[in-house]
Amino acid sequence: MSDQNPVFIPGPTNIPDRLRRAMQVQTRDHRAPDFVETLAPVLEGVKKVLNTTDGRVVTFPSTGTGGWEAAVSNTLSPGDKVLVARYGMFSHRWIDLCQRHGLDVQIIETAWGAGAPADRFEEALRADTDYRIKAVLVTHNETATGVLSNIASVRAAMQAAGHPALLFVDAVSSLASVPFHMDEWGVDIVVSGSQKGFMLTTGMAILGVSPKALAAMQTARLPRTFFDFRDMMGANAKGGFPYTPPLQLIYGLSESLNMLFEEGLDNVYARHYRLAEGVRRAVDAWGLKLVAQSPDLYSDTVSAIYVPDGFDSNKLTDHAFHAYGVSFGIGLGEMNGRAFRIGHLGSLTDVMVLSGLATIEMAMADLNYPIRLGSGVAAAQEYFRQPARPAAKSAA
Ligand SMILES: *Cc1c(COP(=O)(O)O)cnc(C)c1O
């Protein structure tokens, strides 16, 4: 299989050459006096992507899953209640993590393909008159279904209910690809990772933490050692790390931020919308349906697409891999066999997306899907070639 072919999975994403080079650095001493010059600007840069002035940024050698654990274990105590809606594989896994940490998880079951139900959150919070719910957990971009939820509406629901719970947001597959407004949305902890919108290798959890979450940390009793914010923030403040830092990833994140700021965050977001819209035009031309239930929920980083009745999406993704050497996202959980996913985040251009559409179209034609070869590509071409669209200059 050629490694020239991009992957169309929603993370880990394609790593631009510039970032591969940036991560190729020789060992340096993290106890040397100049380590602070490497780390501090990176943490500041992430704050810009989060749109926070009040929040603090912490990173761990870990992944998004570790970020979930850090969020929960630093702020909550055994038996604490958390409120969360389940509408896909990632919200499900965060629920599972909370349960295994001995939290009392109040789950709002929600259709896969729907988003965070602000109205039902409000109802549950209003009913919680003695404030037993300590945190509301929301998956911003449900990578299993291609649904982007409205975090502002969840915060508005919490305000309408006059409830003091913390708001935790999983932005693993949205941050640095779609706008995020930590302060404006009143997000107390946001969790992300290095290998999706930041276009890096896997291995770093990236979190933003509000002053309110920091205050909750003082009384939280869940055990934590490796992920203790206090150790990390204390060491970072002195220019250090509580253990060996993932130096190559810190260099990579520094360069990733340079790339994002050079392109301009607004242009990055416009590019993701544009790529996603090209994919959606193709899906429409094929006569297929997105898992996301309505346009307001469409994710600009991943599209989950139902295969027609009687077809198996696993056979499709397997065939695309074996016949053409290209990876697409499989259907996860409830969607297994029923939907495949096209990841369109990170280092991608219009032309790269066209190659992915052409490939999956060939795979569908090979398996006798009722689609017309070339129809999806043509629809995306028509969309991409319009001169009025935002410039196609990219981060690739
Ligand atoms: C990828 C992903 C995760 C898990 O992150 P890992 O880095 O694989 O641990 C969590 N949430 C969402 C929404 C994701 O897309």
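**First stop: the ligand**

Select T63 and the ligand: a polar side-chain atom of T63 sits 2.5 Å from an oxygen atom of the ligand. Before going on, keep in mind that this is a predicted model.

Then pick D170: an N or O atom in its side chain is 2.6 Å from a nitrogen atom of the ligand. How much of the ligand does the protein bury? Taken alone, the ligand exposes 380 Å², and the protein buries 88% of that.

Next, show the whole shell. There are 13 residues around the ligand, and T63, T65, T143, D170 and K196 come nearest. Colour the shell by type and you get three nonpolar, eight polar and two charged residues. Which helix gives the most to this shell? Select residues 64–75: that is helix α3, and it contributes three residues.

A bit of background first: most residues other than glycine have a negative phi, and most peptide bonds are trans.

Go to G11 and P12. The peptide bond from G11 to P12 is cis, with omega near 0 degrees. P12 belongs to the segment before α1, which covers 17–22.

Jump ahead to N51, in the loop between α2 (35–50) and β1 (56–61). Phi of N51 is positive, near 55 degrees, and N51 is not a glycine. Is N51 buried, partly exposed or exposed? Its relative accessibility is 39%, so N51 counts as partly exposed.

Now select Y131, in the loop between α5 (118–127) and β4 (133–139). Y131 also isn't a glycine, yet it has a positive phi of about 55 degrees. With a relative accessible area of 39%, Y131 is partly exposed.

**Last stop: a three-stranded sheet**

Switch to cartoon view and find β10, β11 and β12. They make an open sheet in the order β10-β11-β12, with antiparallel pairing. Which strands are at the edges? Select 289–290 for β10 and 339–343 for β12: each of these edge strands pairs on one side only.

Then select 302–306, which is β11; two bridges join it to β10, and the two strands run antiparallel. To see one of the partners, click L290 and look across to I305 in β11, its bridge partner.

How values were computed
Residues numbered from 1 in each chain as written. Predicted model: local features only at pLDDT ≥ 70, side-chain atom pairs only at ≥ 80, totals over all residues. Heavy atoms only, no water. Pairing = 2+ DSSP bridges. Helix = DSSP H or I, 4+ residues; strand = E, 2+ residues; numbered from the N terminus. Buried < 20%, exposed > 50% of the residue type's maximum accessible area, 1.4 Å probe, protein only. Near = heavy atom within 4 Å. Polar contact = N/O pair within 3.5 Å; in protein donor to acceptor, adjacent residues only side chain to side chain. Areas by Shrake-Rupley, 256 points an atom, 1.4 Å probe, with all protein chains shown as cover. Nonpolar A, V, L, I, M, F, W, Y, C, P; charged D, E, K, R; others polar.
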